[in-house]
Amino acid sequence: MTTPPPIPADRLVPPPGCPAHGMAPNGLRRLAEITDPARAYEELRQEHGPVAPVLLHGDIPAWIVLGYRENLEVMRTPLVFSRDSRRWNAFLEGRVPADSPFLPMVAWQPMCVFADGAEHARLRGAVVDGLAQFNRRGMRRYVTHYTRELVAGFKADGTADLVRDYAEPLPMLVVSRLLGMTPDKGPLLVEPTLDLLRGSETAAASNAAVTQVLQDLVAHKMTAPGNDLASSLILHESRLTDTEIVEHLRMTLVAAHQGTVNLIAQTLRLILTDRRFRGSLSGGRMTLPDALEQVMWDNPSISVVPGRWATDDTKLGGQHIRKGDLLLLGIAAANVDPEQRPDLSVPMHGNRSHLALSAGPHECPCGDIGRAIADTGIDELMALLPDVRLAIPETEIGITADWLTRRPSALPVQFTWPRSIGSQPVPPAPAAAQPLPEAAQPLPVAAREAPGSVTAAASEPPRSWWRSLLNR
C-alpha cells in the first residue's frame with residue numbers, strides 16, 4: 001500500500017469538530033474513530049475514488065471498497081479476492097496483536113465464510129440445507145408468539161423503547177429456537193451477540209460466551225436431536241466436525257440476529273417519523289416487504305463487511321492492491337454510489353439488487369430468515385399497537401453508529417394498552433407451561449386460548465394500523 005508523504009507538524013492537530021479527528025498522522029482515517037460514517041465514506045470517495053486506504057485498530061492498513069461495481073467485482077471473483085484470512089499480510093508479519101478487538105471478525109475459523117471453492121461449497125451446503133427446513137409459515141408462528149410475549153412485557157403505563165424492548169430481543173428469541181436452544185437461552189445471548197460486531201474491548205469475551213453456549217447445545221443435540229439447525233448440521237451428509245458445527249451455528253446466530261435487529265429498528269424509525277414512507281405503505285404504492293428492501297438500500301444492517309484478501313498483486317478502482325492486503329466491503333457506501341443511484345430520492349421499491357446481503361458465492365444465507373422476522377414482527381407489532389407514536393421529538397432520536405453498523409439507539413414510544421391483553425402486562429408463563437414446539441407446529445391450544453393471554457382475540461377487531469398512523 002502506498003504511504004502518503006509526511007504532513008507538516010502544524011497540520012497534525014485538527015480544530016475541535018473537524019472531520020479530521022480520527023485521522024492518523026499520515027493522513028489516513030482510522031475507521032474505529034469515525035463518528036459520521038456516511039459523511040466519511042463520501043469524503044473518502046471524493047479523495048480516493050471507489051477504493052480508499054484506511055486504518056484498522058492498531059493503525060493496521062486496509063482498503064475500503066466504496067464503489068458498487070468494485071464491490072460486485074470483489075464479491076464475485078474469489079480467485080482474486082479470497083475469503084481465507086490466513087492470507088492477510090498483517091497476520092503473516094505479526095502485526096495483529098492477540099487481543100485485537102478485530103480478531104473475532106477476521107481470525108480464520110473452520111467455516112464457510114473463510115473458505116473458497118469446493119470446501120466453501122461443502123460447508124455452505126450444510127447451512128443452506130439446514131435453513132431450508134424453516135418455511136415462512138412456520139417462521140410466522142415463532143415471530144407472532146414472541147412478538148406478543150414481548151408486548152406483554154412492555155410497561156403498564158403504555159410506554160416502551162422499541163429498540164431495547166423489541167428490535168433487539170425479537171430476532172434472538174426466534175433464531176435461538178431455530179438453532180435448537182431452549183427458551184431461556186435466547187435472552188442471555190442478545191448483548192454478547194451485539195457486542196461481537198462493535199469491535200469493543202470486550203468482543204473476545206463476548207465471543208467466548210456465545211461459543212460456550214453453542215458448544216453445550218451441540219453436545220446436547222448429539223444425544224437428543226430435533227427439528228432444528230443444530231441437529232441438521234450434525235446429521236448432514238457433509239460430515240461436519242464438531243468445531244465446524246459450532247462455528248456455523250455462531251455464524252448463523254450473529255448474522256441473523258445483528259442484521260435483523262438493525263432492519264427492524266430502521267424500518268420502525270421510518271414508520272414513526274416519515275409521513276411519505278407511511279403514505280406509500282398505506283396507499284398501496286409500497287408493500288411492507290418493499291419497504292424492507294428500501295431500508296436495505298438506504299440503511300443496510302451491516303455497513304462494512306470484513307473482508308477479502310488479495311491472492312496476488314492486482315488493481316482495483318485505480319488502486320494498486322498488494323498480495324495479502326485486506327479489503328473491506330463498504331456496503332452502505334456502495335448502495336448510494338452516485339453511478340448506481342444518481343438521485344437518492346427515487347424509490348427502489350421491489351429492487352433487490354442492493355448489496356445489503358452481499359452477492360456472489362458468499363451471499364448471506366440468512367437473508368430470507370431476516371426478512372421473515374422483520375416483516376411479520378413489524379406487521380404484528382403494529383396490529384397490536386395501532387396508535388403507537390414517538391414519545392420524543394423526531395430530532396431527539398439518537399443514532400448508534402460505528403464503522404460496522406448504524407441504527408437508532410432508542411425509539412421511545414407511547415401507545416394505548418392492547419385490549420386483547422387487558423389493562424396490565426401479562427407476566428410471561430413459565431417455559432414448561434407454554435412451550436414453543438418445533439418449527440412447523442402451531443402453539444398448543446392452551447397457550448393460544450388462555451383467558452387474558454397475549455394471544456387471546458380482542459373483543460373487537462383492531463382498526464387498521466396504517467389508517468391509525470395517518471389519523472384516518
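## Helix 10

At 1.5 Å a residue, the 21 residues of helix 10 (residues 203-223) should span 30 Å, and the end C-alpha atoms are 31 Å apart, which agrees. The expected span is 1.5 Å times one less than the number of residues in the helix. This is a predicted model, in which local features need pLDDT of at least 70 and side-chain atom pairs count only at pLDDT 80 or more, while totals for chains, interfaces and linings use all residues. Residues are numbered from 1 along each chain as its sequence is written, and side-chain values use heavy atoms, with hydrogens and water left out.

The buried residues of helix 10 are Ala203, Ser206, Asn207, Val210, Thr211, Leu214, Leu217, Val218 and Lys221. They cover an arc of only 125° around the axis, which puts them on the same side of helix 10; the arc is that of the directions from the helix axis to the C-beta atoms. Ala204, Ala205 and Thr223, on the other side of helix 10, are exposed. Buried means under 20% relative accessible area, exposed over 50%, and partly exposed in between (1.4 Å probe, protein chains only). The partners of the buried residues are helix 4 (103-106), helix 8 (169-179), helix 9 (186-196), helix 11 (229-235) and helix 12 (242-273).

## The chain as a whole

The protein chain has 18 helices and 13 strands. Helices (H or I, at least four residues) and strands (E, at least two) are DSSP runs, numbered from the N terminus. Of the 472 residues in the chain, 54% are buried. Among contacts with a separation of 6 or more, 71% are between residues 24 or more positions apart; contact means heavy atoms within 4.5 Å.

## The largest cavity

Three cavities of 30 Å³ or more are found in the structure. A cavity is a set of points, on a 1 Å grid over the protein atoms alone, where a 1.4 Å probe fits but cannot get out, and lining residues have an atom within 4 Å of a point. Grid points are joined across faces, edges and corners, and a volume is the space filled by probe spheres set on the points. The largest cavity holds about 900 Å³ of space.

Its lining has 42 residues, of which Val113, Met251, Ala255, Ile302 and Val305 lie nearest the centre. Helix 4, helix 5 (117-132), helix 12, strand 6 and helix 16 each supply at least two residues of this lining. The largest share, nine residues, comes from helix 12. By kind, the lining divides into 26 nonpolar, ten polar and six charged residues. Ala, Val, Leu, Ile, Met, Phe, Trp, Tyr, Cys and Pro count as nonpolar, Asp, Glu, Lys and Arg as charged, and the others, Gly among them, as polar.

## Backbone details

Pro306 and Gly307 are joined by a cis peptide bond, with omega about -10°. Gly307 belongs to strand 6 (residues 304-310).

Arg239 is not a glycine, yet its phi is positive, about 55°. Arg239 sits in the loop between helix 11 and helix 12 and counts as exposed at 72% relative accessibility. Ser358, also a residue other than glycine, has a positive phi near 65°. Ser358 is in the loop between helix 15 (331-335) and helix 16 (367-384), and its 18% relative accessibility makes it count as buried.

## Asp165

Asp165 is part of helix 7 (residues 163-167). Leaving aside neighbours within four places in sequence, Asp165 is in contact with Leu150, Phe154 and Ala160. Asp165 and Ala410 are 245 residues apart in sequence and 9.5 Å apart in space, C-alpha to C-alpha.

Technical notes
1 Å grid on protein atoms, 1.4 Å probe; cavity = no way out; pocket = protein on both sides within 12 Å on 5 of 7 lines; lining within 4 Å.
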